[in-house]
Amino acid sequence: SAWRRSFLQLVFGLCIALALYNVSSILPQLEQGRFNHPSGVCVSANDVFFIADEGNRRIKAINSTGQYLGQIPTKVVGETEFWHLSMRPFAVTLDWEGHLWVIGQKDSATVSSRFAITRYATDGKYLGKLSVSFENPRDIAVNIDRKYVIILDGCDVWVFSLDGRVERLIKCADFGWSNPQHITVSKKG
């Protein structure tokens, strides 16, 4: 019938539109074994390696023998009215609850900030973002005892609470640092 043909054409058209829109999240699934500019890594307590795969816009999980365990497409929710932005992740760390914190560059130049700091469960569920703007974030760490998120932005170290409040700012010039690239936190915090 004409109604059925119209309905099938609509469904088929929607499938094509969704496939074209989500091409950045489909391609990594087709090439689960290939990295495209891996740039950050962290390791869980049970030896799962989470690798920021910048070119494929995902966090890839592998075990200590290199076996593929899964992936998390890196999306930023709430940046646009109708869809989620994908981002190219380049730094990743685990927090006190075993969740991933990821820094990435957004795929759109029309949003307010080029970078996003997002949080995911290790099963891929998007848990939110840190609503703070950065000029040149390079790395991320967490203070497990105090529950702070620590960002190396350019040459400065920013310490944030989960609600985005600045707890501390460490200026590199005050310590004679010239061009730090990475950050980590000791057991003492």
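**Group meeting talk: strands, sheets and a pocket**

Hello everyone, let me start with the pocket. Strand 1 (38-43), strand 6 (85-94) and strand 10 (137-143) each supply at least two residues of the lining of the largest pocket. Strands here are DSSP runs of E with at least two residues, numbered from the N terminus. Before going on, a word on the source: this is a predicted model, where local features need pLDDT of at least 70, side-chain atom pairs count only at pLDDT 80 or more, and totals for chains, interfaces and linings use all residues. Residues are numbered from 1 along each chain as its sequence is written, and side-chain values use heavy atoms, with hydrogens and water left out.

So what do we mean by a pocket? On a 1 Å grid over the protein atoms alone, a pocket is an open set of points where a 1.4 Å probe fits, with protein on both sides within 12 Å along at least five of seven lines; lining residues have an atom within 4 Å of a point. The largest pocket has a volume of about 490 Å³, which is the space filled by probe spheres set on the points, joined across faces, edges and corners. Of its 29 lining residues, Val92, Thr93, Ile140, Ala141 and Ile183 are the closest to the centre. Strand 10 gives the most to this lining, with six residues. By class, the lining has 13 nonpolar, 11 polar and five charged residues. Here Ala, Val, Leu, Ile, Met, Phe, Trp, Tyr, Cys and Pro count as nonpolar, Asp, Glu, Lys and Arg as charged, and the others, Gly among them, as polar.

Four strands form an open antiparallel sheet in the order 1-2-3-4. Strand 1 and strand 4 (68-73) are at its edges with a single partner strand each, so one side of each has no neighbour in the sheet. Two strands count as paired if DSSP finds at least two bridges between them. Strand 3 (residues 58-62) and strand 4 run antiparallel and are joined by five bridges, and Lys60 has Gln71 in strand 4 as its bridge partner.

A second open sheet has five strands in the order 5-6-7-8-9, again with antiparallel pairing. Its edge strands are strand 5 (75-76) and strand 9 (126-129), each pairing on one side only. Let's walk across part of it. Two bridges join strand 5 to strand 6, and Lys75 stands opposite Ser86 in strand 6. Seven bridges then join strand 6 to strand 7, where Arg88 has Gln105 as its bridge partner. The hairpin of strand 6 and strand 7 has five residues between the strands, and Gly98 there takes a positive phi near 80°. Strand 7 (residues 100-106) pairs with strand 8 (residues 115-120) over six bridges, with Ile103 opposite Ile117.

Is strand 6 mostly covered or mostly open? Mostly covered: nine of its 10 residues are buried. Buried means under 20% relative accessible area, exposed over 50%, and partly exposed in between, with a 1.4 Å probe and protein chains only.

Finally, the cysteines. How many disulfides are there? The count is zero, taking a disulfide as a pair of cysteine sulfur atoms within 2.5 Å. Cys172 is buried, at a relative accessible area of 1%, whereas Cys155 is partly exposed, at 24%.
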